[in-house]
Amino acid sequence: PEDWPGAYVGSCVPGQDWGSWVLAREGSLSAHVIAGYEGWLSGALWKGPSTSLACFSLHSPTGTGRSYVDESVEMVRRIVASVEPRYPLVIGGDFNFTSLGERAASEAMRTTADERVALAEWRELGFTLAWQASHPGTA
C-alpha cells in the first residue's frame with residue numbers, strides 16, 4: 001500500500017506480511033476498526049464528492065479453527081452491527097459469498113444446511129453477489 005497514490009487503510013495480519021486493505025482512487029477514507037480482527041478485516045468510511053459509504057476488506061476464515069461459515073457469519077454480523085444504517089455497505093476481499101454454497105445444481109459439491117442459513121441471513125440484510133449480478137445467467 002505504500003506505493004498506492006490514493007487513500008488507504010488496513011494492516012497486516014499479526015506475524016504475517018499480508019493483510020487486508022481498503023484502497024480509494026479518490027475521496028477520503030477514515031478507518032473503521034472491528035476489534036479482534038486486525039489484518040483479517042479492514043474497514044473504512046469512504047467520503048466522496050457527493051456520497052459516502054462503508055467499505056470493508058475481509059479475509060475469511062481467520063485461522064482460529066472455526067468453520068468458514070461460522071467465522072464468516074460472525075465477521076459479517078460484527079461489520080453490520082458497527083455501521084450506521086444510513087451508509088451503503090460494501091464487503092469485498094478474500095471473502096467468497098459463493099464459496100459458502102451458492103452452487104449450481106450441476107456441481108458435485110452440495111450446499112450444506114449451515115451455508116443455506118448464512119446465505120439467507122445475508123440476503124435478508126440486503127447483500128447481493130457482485131459476481132452474479134455482473135454476470136447474469138452464468139453459473
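Biologist: How many bridges join strand 1 to strand 2, and do these strands run parallel or antiparallel?

Modeller: In this predicted model, strand 1 and strand 2 run antiparallel and are joined by six bridges. Two strands count as paired when at least two bridges are found between them, so these two qualify. Among the bridge partners are Cys 12 and, in strand 2, Gly 19. The two strands form a hairpin with six residues between them, and Gly 15 in the turn has a positive phi of about 80°.

Biologist: Why do Tyr 8 and Trp 21 count as partly exposed?

Modeller: Tyr 8 has 34% relative accessibility and Trp 21 has 25%; buried means under 20% and exposed over 50%, so both residues fall in between.

Biologist: Why is the pair of Trp 18 and Trp 40 edge-to-face?

Modeller: The ring centres of Trp 18 and Trp 40 lie 5.3 Å apart and their planes are at 85°, so this pair is edge-to-face. Trp 18 sits in the loop between strand 1 and strand 2, while Trp 40 sits in the loop between strand 3 (28-31) and strand 4 (41-47), so the pair ties together parts that are 22 residues apart in sequence.

Biologist: Which of these two is buried and which is partly exposed, and why?

Modeller: Trp 40, with a relative accessible area of 15%, is under the 20% limit and therefore buried, whereas Trp 18, at 32%, lies between the limits and is therefore partly exposed.

Biologist: What makes strand 3 and strand 6 the edge strands?

Modeller: Four strands form an open sheet of mixed pairing in the order 3-4-5-6, and strand 3 and strand 6 (89-94) each pair on one side only. The twist averages 30° from one strand to the next. Strand 5 (residues 52-59) and strand 6 run parallel and are joined by six bridges, and His 59 has Asp 94 in strand 6 as its bridge partner.

Methods:
Residues are numbered from 1 along each chain as its sequence is written. This is a predicted model: local features need pLDDT of at least 70, side-chain atom pairs count only at pLDDT 80 or more; totals for chains, interfaces and linings use all residues. Side-chain values use heavy atoms; hydrogens and water are left out. Buried means under 20% relative accessible area, exposed over 50%, partly exposed in between (1.4 Å probe, protein chains only). Rings of Phe, Tyr and Trp (its six-membered ring) pair if their centres lie within 6.5 Å; planes under 30 degrees apart count as stacked, over 60 as edge-to-face and the rest as tilted. Axes are lines fitted to C-alpha atoms, for helices over the stretch in contact, and angles run from 0 to 180 degrees between N-to-C directions.
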